[in-house]
Amino acid sequence: MEIVGLHPIDIFIVFVYMVGSLMLGTYCTRFVGSAEDFFIAGKALPFWAIGFSIVTSDIGATDFVAVAGAAYTNGVSAANFDWMGSMPAMVIAAFVFVPYFWRSGVFTIPEFLGRRYNTAVQFINGLIWAVVLFFMLAIMQWLSADKLMHTILGWNPYITLWLTAGITGIYTFSGGLTAVVFTDVVQLVVMYVGGFGLLALSLWEVGGWSALHEKVLAMGPQYADHFRLLLPHNTTGPFPWTGIVFGLALVMAVAYMSGNQVIVQRTLGARSEWDAKGGMLFGGLLKAMIPLMVALPGLCAIVLIPNLGSANADRAVPEMIRLLMPAGLRGLMFAALFAAMMSHISASLNSTTTIFITDIFGQIRNWMGKGPMSEKMALGMGRFITLALIISTALLAEPIANREHIYVFMQTILSLFQGPLLAILLLGIIWPRATGYGGLAGLVLGVMFCFVLKYTPGLFASAEPFLFVAWWSFIFALIVTIVVSLLTKRESEEKLRGLCWSSVVADEDAQEALQERVS
Amino acid sequence: MEDTITAFCDKFFGPALRYVFVPINEALGHIPNWVAGWCGVGIFLLTMIWVGLLLNPKYVNRGRPYKSIWTDLRLWTVISMTPHVVVYFYFR
């Protein structure tokens, strides 16, 4: 691959962006005086900041690279993750899950599960998320440093990795969620400018949408399905329509938007319940535009770089930037990629820290008979873990993430527990008869079933059946939770007061009860 | 390591799981693609109907700063989902 150097104006734009982010992030330090300020921004976030932050936290530089790569190989069906895999799930999250989490005043989703089921469910769920987020942090750092900056600029990936880790680490360490959210707002604007700039240039070079359509279809029968969002069930690619509808829209996406700490933590910091719900919906609208700037350039690359090959598909966007973007615009695009990378890293960093403090160390202290941590201790520990995480993930980034088809690999990791997690979360809220033992059995056996499905050959037509693994593990965990719950002792009414969705929707007393439990 | 796990799962779980999943896959493989297209559009439409018509409006808008059509989250839901319906209709 040919290396391109940056013009001084590009370097200036990237430098200004980096310094600006650092200054804005560290400025937010003045708003952090307690653990609540650090972890959930003192419950003061407006809906627009939440919406911006949800999208920026979800879209990393990895998406620019990997979704474009998936679109190059599989066509527009790769965009399902940001369309069908987002909006319906965000609406369900806004009106079923978020009001509960917000009213209960919890810091994390595992903490909510701990209140509804038991501390073992909280600990296991927290541990799973901590490990997954650790992997994701390492992957996004290496992917950005190696496949982006090294490919295009020839920069040493280790220098890029430590530079971004250093800047994001500093402002997340000092400003907590407030710093993360307000830098996210700026970063999304920068991402949109850079991303839509690349889209406009790509379409211009190809000759517009109609020309793109004609040229791709004329390249051979292997491209016949590249403009179909929902592919036949027996396709060998990873995105058949049954997997998209059942596995993605109904399970993985709902679990991701309702059970992923990185996403939900922003709504927990909302200043009102309306802002929490509105933030989710506004985020969904903003997210609908993401495929235009991450997937369509991948399609254009089929025409402009036809000999890239499936094995190098993840290099589609870097090559498009190298080919199409002039000096100045390239600086903006790089600022956008740095924005995506840094926002994703800082969001995951803050959420992983929150889970470590609340659900892992908090629970271990609880089991050892020690009381809850003081405000000062929780804040100090939070900052220490932020630092430890950014250093350890930067050190382990290369061995964890240096592999092909990284997007499918990431989705496969998520699919291995999303189904069971959603099953116990859903039953915990809508079914009062679900018990602590039922939730524990559903979670543990459900995750084991995921591994069995993934490693048993010949079950599905798709070569990467992670969408079906998510769907069937969800069904399996639902059944296990229901059966074990019916065989075990019913939870007391006092424990469930204000935690059942049907009563909370209709009954003001039940709604108040949920808030009283916290105070 | 991965090969050992695959061989283990294939031996102990493969026959029973294939007995369940192979017929399901065959049945799903015969569904025409226009059904898939309408399933995609249908998910968005049903979600809009659920929020707009079935959920308690007081619950949907609880905590809103002031009463106005622009702060009604039912309208927000419809506005944010409509572009998706258009996209899935176009690419069906």
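How much space lies in the second largest pocket? In this predicted model, the second largest pocket holds about 530 Å³ of space. Its lining is made up of 19 residues. The closest to the pocket centre are A:Glu111, A:Thr358, A:Gly362, A:Pro372 and A:Met373. Four helices of chain A each give two or more residues to this lining: H2 (35-40), H6 (109-116), H16 (329-367) and H17 (375-401). Of these, H16(A) gives the most, with six residues. By class, the lining has seven nonpolar residues, seven polar residues and five charged residues.

The interface between the two chains was examined next. Chain B brings 48 residues to the contact, and chain A brings 51 residues. Together the chains bury about 4,500 Å². Carbon and sulfur atoms account for 73% of that area. On the side of chain B, B:Tyr59, B:Arg62 and B:Phe91 stand out. These residues supply 19% of the area that chain B buries against chain A, more than any other three residues.

Polar links also cross the interface. The rule finds 15 residue pairs in polar contact between chain B and chain A, both residues being at pLDDT 80 or more.

Side chains of opposite charge can pair when their charged atoms come close. Between chain B and chain A, the count is one salt bridge. There, the side chain of B:Arg62 meets that of A:Glu273, at 3.3 Å from N to O. B:Arg62 is also one of the three residues named above for buried area.

Over all chains, the count comes to nine salt bridges. Within chain A, the side chains of A:Lys287 and A:Asp82 form a salt bridge at 2.8 Å, N to O. This pair links distant parts of the chain, 205 residues apart. A:Lys287 belongs to helix H12 (residues 273-287) of chain A. A:Asp82 lies in the loop between helix H4 (61-74) and helix H5 (87-104) of chain A.

Technical notes: Residues numbered from 1 in each chain as written. Chains lettered and ligands numbered in written order. Predicted model: local features only at pLDDT ≥ 70, side-chain atom pairs only at ≥ 80, totals over all residues. Heavy atoms only, no water. 1 Å grid on protein atoms, 1.4 Å probe; cavity = no way out; pocket = protein on both sides within 12 Å on 5 of 7 lines; lining within 4 Å. Points joined across faces, edges and corners; volume = space filled by probe spheres on them. Nonpolar A, V, L, I, M, F, W, Y, C, P; charged D, E, K, R; others polar. Contact = heavy atoms within 4.5 Å. Buried area = accessible area lost by both parts, 1.4 Å probe. Salt bridge = Lys/Arg side-chain N within 4 Å of Asp/Glu carboxyl O. Polar contact = N/O pair within 3.5 Å; in protein donor to acceptor, adjacent residues only side chain to side chain.
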